[in-house]
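Please keep the sequence and the coordinates at hand while reading.

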Amino acid sequence: MKILLKNAHLIDPVLDSVKLGYLIVCDDKISKLCYGKVIEDEKFFDRVIDCSEKYLAPGIIDVGVKICEPGERHKESFRTASLAAASGGVTSIITRPDTIPAIDTPEKLEFVIKRADTVSPINIYPMAALTRDRAGSEMTELGLLRDAGAIGFTDCDQVMANNKVLTRCLTYAASLDMLVQGHPQDITLSAGASATSGKFASLKGLPSVNAIAETIGVQRDLAIVELTGVKYHFDQLSTARALDPLKRAKRDGLDVTAGASIHHLTLNEMDIGDYRTFFKIKPPLRAEDDRLAMIEAVADGTIDIISSMHTPQDEESKRLPFEEAASGAVGLETILPASLKLYHNNSISLPKLFRALSLNPAKRFNLNRGTLEPNKKADLVLFDADAPFVLNRFNLNSKSKNTPYDESLMQGKVIKTFVNGQEVYGESINE
Amino acid sequence: MVFCDRHLLGIEQLKQVEILEILDCAEKYVNLNRETKKNSNILSGLTQINMFFENSTRTQASFELAGKRLGADVMNMTMQASSIKKGETLIDTALTLNAMNPDLIVVRHPQSGAVKLLAEKVNCSVINAGDGLHEHPTQALLDALTIRRTKGRLQSLSVAICGDIAHSRVARSNLLLLNKLGNRIRLIGPRTLMPSGVSELGAEVFEDMYLGLNDVDVVMMLRLQNERMDGSFVPSRREYYHRWGLNSEKLSCAKKDVIVMHPGPMNRGVEIDGTLADDINHSVIQDQVEIGVAVRMGVMELLARNVSRQFLKGG
């Protein structure tokens, strides 16, 4: 199968450019990328798509998605998460192991891989737990999990308190040359908090955590990363002060990267307003200064990856007093339009956005994807960056509808999504 | 007569010639032990006390047998059950025993350096039967003699020591001894069980058994204790066996005439495949036990000689 996607604005995160041109997909791979007018004979193609000068970019690779199988399929399943991803321009998902039970044995991992293979048209790469039950005391079978297909290890938002155990786990992971993802936080400071310390939390009377808890977490983790030489990724940073130690570590040559959630880049603590629980996430939404610092960090490359931290919660777990309500928000379908907010307000260019959405996650997790270069897998998203719409959460494909963007005006609609050269989501366009 | 120390506390203090003298002396007891009448009267009239502050079956039995075959009066003291429970310090225990005029004390203690401390407080000879993570010299000597008897030489061999290096006094003593005699040592094990800075002690470090065992002449397996397999140092028993357990597939990377050793007690199916442990073509694990008695007899003979010499000199 040969597909010609012509007349598209090609977003190239490697060359940091956006140019009009065309792209040829041959079976599951990109075979050619050219700028300018089409010089090929269209009759040699099985399919010719006129992109009408819309944007064509490498598909989004979303790191840290929670699919609630096993355990809470009523919140999200592999099928619904894939539908949500495909319609949101997400072509690869890196899943979190914080299911019930946690993915902490090769047998459980096998279940995840089998389920993903059976029902999902998009790429699913599972991470496995670093410790049993994510309890922070006993290392999981990292070697056997790697052999069974784990792409990395993480205990998700469970921060390991015991530095001895953490050091041994990271040492063992380093010996396997495997990536570990951590959640930087000082858990003694953050215990019980549901907002960030400051005027807002004080006014609303919410238990809060000082932003410094994240800095302490980052510094602790970096010290052990330096000791063990492990490849390490911070799942999400959200505060300005945590960026300095990260910059220093990168400058010193540690193999460390960091992510930010799209929610922390587009929302701040004030959005919580009158105790709106859809805005309760972990770590909590921060001050506006922090948000601006994070955007700058994405633009200058200090923050490597933007992810949705897709965390489905059913209505009941959110329809509770703010402190009691579950944390997390869905994000697979909104990560693109929400990221485009940063483009529309001139904070970040499109190629730099896709560097954080596609290129860097692919690099970090060793996936042969994430760019428009020939020979890469043809994971593509064609989108109209300007199309406006008002988000109605009940139109989401995710089983859970807990999005903070409900009823907000957004810009940017996915027209088509391709995974391995196959169209997995499509609205009609000139063919 | 080159070995003239009063104690045997470790391999670290021994010179190459001293090691060889001990091995030569032990060699004759290997033959004696195969006779029907195994006794000699070299230690006749001397008193040997075995003080084990840590559980041991085989080492204690080996020392007891060695002493008895040489004609000594042997007394075993199981220290967990006695005075330390009542709060006596190690030094007081040593002084008390010393007052009973023993000639030879064999000590095992869970703390590194404790045997040396005890040796400083008594007038007799002390043999270190294992102190903490530090040394187990008679084990290294018996391993050396086993290698020499099977391989015909004790230099220019490539020896792999595999498993829980970090918690092994056997590994430390063997590393020291085999290095002094000019062999190449490889340490193989998970990074979490490799002591820091160990490569500076004259060993090549490997994590992969297949790479580490390539072309070696001798494989020494170490015991992995149960509590270390539970996700603390290594994830699980099955992952450990999968990656570091010795089986015939991994062993096929070594030389054809490779020998397999284990200080015991073995965990079959954890660090070593059960069938392989019994394979008479490679395994010398039973020989190690036999030679162990002879080596301890040799050590005792030399120490007894040194004590009487010093006594004469001093007198």
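Which side chains meet Arg115(A) in a salt bridge, and at what N to O distance? The side chain of Glu69(A) does so, at 2.6 Å, N to O. A salt bridge is here a side-chain nitrogen of Lys or Arg within 4 Å of a carboxyl oxygen of Asp or Glu. This pair links distant parts of the chain: Arg115(A) belongs to helix α2 of chain A, while Glu69(A) sits in the loop between β6 (60-65) and α1 of chain A, 46 residues apart. Helices (H or I, at least four residues) and strands (E, at least two) are DSSP runs, numbered from the N terminus. Glu69(A) counts as buried because its relative accessibility is 3%. The terms are set as follows: buried is under 20% relative accessible area, exposed is over 50%, and partly exposed lies in between (1.4 Å probe, protein chains only).

The model is predicted; local features need pLDDT of at least 70 and side-chain atom pairs count only at pLDDT 80 or more, whereas totals for chains, interfaces and linings use all residues, and side-chain values use heavy atoms, with hydrogens and water left out. Residues are numbered from 1 along each chain as its sequence is written, with chains lettered from A and ligands numbered from 1 in the order in which they are written. The scores of the model are ipTM 0.88 and pTM 0.93. For chain B the average pLDDT (the predictor's confidence in each residue, from 0 to 100) is 92, and 96% of the residues score at least 70.

**Surroundings of the first pair**

Leaving aside neighbours within four places in sequence, Phe78(A) is in contact (heavy atoms within 4.5 Å) with Ile67(A), Glu69(A), Val112(A), Arg115(A), Ala116(A), Val119(A) and Ile124(A). With a relative accessibility of 1%, Phe78(A) counts as buried. From Phe78(A) to Thr118(A) the C-alpha to C-alpha distance is 9.2 Å, although they are 40 residues apart in sequence.

**Salt bridges**

Over all chains the count comes to 47 salt bridges. Several are listed below.

| Pair | N to O distance |
|---|---|
| Arg115(A) and Glu69(A) | 2.6 Å |
| Asp98(A) and Arg96(A) | 3.1 Å |
| Arg148(B) and Glu27(B) | 3.0 Å |
| Glu141(A) and Arg238(B) | 2.6 Å |

Asp98(A) and Arg96(A) are both buried. In chain B, Arg148(B) forms a salt bridge with Glu27(B). Arg148(B) lies in helix α5 (residues 137-151) of chain B and Glu27(B) in helix α1 (residues 16-32) of chain B, so the pair ties together parts that are 121 residues apart in sequence. Arg148(B) counts as buried at 18% relative accessibility, whereas Glu27(B), at 22%, is partly exposed. Salt bridges with shared partners join Asp24(B), Glu27(B), Arg148(B) and Arg149(B) into one network.

**Interface of chain A and chain B**

The size of an interface is often given as the accessible area lost when the parts come together. Chain A and chain B bury about 1,400 Å² between them, 48% of it on carbon and sulfur atoms; buried area is the accessible area (1.4 Å probe) that two parts lose on being put together, summed over both. Chain A gives 19 residues to the contact and chain B gives 16 residues. Across this interface the rule finds 2 salt bridges, one of which joins Glu141(A) and Arg238(B). The elements that give two or more residues to the side of chain A that touches chain B are α2 (106-119), α3 (142-148) and α4 (163-175) of chain A. The largest share of that side, 5 residues, comes from α4(A).

**Backbone details**

Two cis peptide bonds deserve mention. One joins Lys282(A) and Pro283(A), with omega about -5°, and Pro283(A) is placed in the loop between α9 (262-266) and α10 (288-300) of chain A. The other runs from Gly264(B) to Pro265(B), with omega near -10°.

Met309(A), a residue other than glycine, has a positive phi near 45°. Met309(A) is buried, its relative accessible area being 10%. Asn366(A), also not a glycine, has a positive phi of about 55°; Asn366(A) is exposed, with a relative accessible area of 64%.
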